[in-house]
Amino acid sequence: MKLEKSFIQHGQTSVYAHSFMVASLCLYIAESLDIAVDERSLVRGALLHDYFLYDWHIPDKSHRFHGFTHPGRALKNACRDFSLNETEKNMIASHMFPLGISLPMYRESIILCIADKICASKETLSGLTSACFKISLVSRIYSGNNVFK
Ligand SMILES: [Fe+2]
Ligand SMILES: [Fe+2]
């Protein structure tokens, strides 16, 4: 998982930080809605759901259809490096639902689907906000309206 620290997921968030936040939100959702879950599986599946181990922003034939294919790649890598139960496998395989062909079959999988989309949206929006702020700052400086003067 240390490798994930060097890969950006959304905005300025690494895959590692994204996975950690998704796992935390999964626990929060399960606890606050009092949903009976296998907590160990919920955390393990959430931490490994994006264990595809490459930078999807760098164009490469091997991950041309990243949105559709990365759950399969993550599952393959996770099965190679860890011993997973059926819940954890389904969580990883179906986390992009409704994209892809795997259906979320467990409560843990559904919680992961929701938590992942919430975190991805937040990360993408904060990345856009940060980019807009930088563009605004640079354009002010070049237009002579230097905010640092
Ligand atoms: Fe993903
Ligand atoms: Fe994700």
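**Burial and helix packing in the predicted model**

With 21 C-beta neighbours inside 10 Å, Leu 47 counts as buried, because 20 or more are required. The model described here is predicted. Leu 47 has its place in helix H2. Leaving out residues up to four places away in sequence, Leu 47 touches Ser 19 and Ala 23. Leu 47 and Leu 112 are 65 residues apart along the chain. Their C-alpha atoms are separated by 10.0 Å.

The chain holds 5 helices and 2 strands. From the N terminus on, the order of elements is β-β-α-α-α-α-α. The chain has 149 residues, and buried residues make up 30% of them. Contacts were also sorted by separation in sequence. Among those between residues at least 6 apart, 57% join residues at least 24 apart.

In soluble globular proteins, nonpolar side chains tend to be buried together. The largest nonpolar core of this model has 20 residues. Val 22, Cys 26, Ala 46, Ala 74, Ile 92 and Ala 115 touch the most other members. At least two residues of this core come from each of H1 (15–32), H2 (39–48), H3 (66–81), H4 (86–94) and H5 (107–142).

Helix H1 has 18 residues. From its first C-alpha to its last, H1 reaches 25 Å. This is close to the 26 Å expected at 1.5 Å a residue. Asp 34 follows H1 and has a positive phi, near 55 degrees.

Helix H3 has 16 residues, which should span 22 Å at 1.5 Å a residue. The end C-alpha atoms of H3 are 21 Å apart, in agreement with that value. Buried positions in H3 are His 70, Pro 71, Ala 74, Leu 75 and Ala 78. These residues cover an arc of only 135 degrees around the axis, so they lie on the same side of H3. They pack against H2 and H4. The face of H3 turned away from this buried side carries Phe 68 and Arg 80, which are exposed.

Ala 74 belongs to the buried set of H3. Neighbours within four places in sequence aside, Ala 74 is in contact with Leu 48, His 49, Asp 50, Tyr 51, Phe 52 and Ile 92. Ile 92 is one of the H4 residues that make the contact between H3 and H4.

The axes of H3 and H4 come within 7 Å. They cross at roughly 150 degrees. Angles over 145 degrees count as roughly antiparallel, and H3 and H4 are therefore roughly antiparallel to each other. On the H3 side, the contact is made by Pro 71, Gly 72, Ala 74, Leu 75 and Ala 78. On the H4 side, it is made by Lys 89, Ile 92 and Ala 93.

Leu 99 lies in the loop between H4 and H5. Leu 99 has 11 other C-beta atoms within 10 Å and is exposed, because the limit for exposure is 12 or fewer. Residues up to four places away in sequence aside, Leu 99 touches Gly 67 and Phe 68. Leu 99 and Gly 67 are 32 residues apart in sequence. In space, they are 7.7 Å apart, C-alpha to C-alpha. Phe 68, the other partner of Leu 99, is exposed on H3.

Conventions: Residues are numbered from 1 along each chain as its sequence is written. Chains are lettered from A and ligands numbered from 1 in the order in which they are written. This is a predicted model: local features need pLDDT of at least 70, side-chain atom pairs count only at pLDDT 80 or more; totals for chains, interfaces and linings use all residues. A nonpolar core is a set of buried Ala, Val, Leu, Ile, Met, Phe, Trp, Tyr and Cys residues joined through C-beta atoms within 7 Å. Helices (H or I, at least four residues) and strands (E, at least two) are DSSP runs, numbered from the N terminus. Two residues are in contact if their C-beta atoms, placed from the backbone, lie within 7 Å. The expected span of a helix is 1.5 Å times one less than its number of residues. The arc is that of the directions from the helix axis to the C-beta atoms. Axes are lines fitted to C-alpha atoms, for helices over the stretch in contact, and angles run from 0 to 180 degrees between N-to-C directions. Angles under 35 degrees count as roughly parallel, over 145 as roughly antiparallel, 65 to 115 as roughly perpendicular and the rest as oblique.
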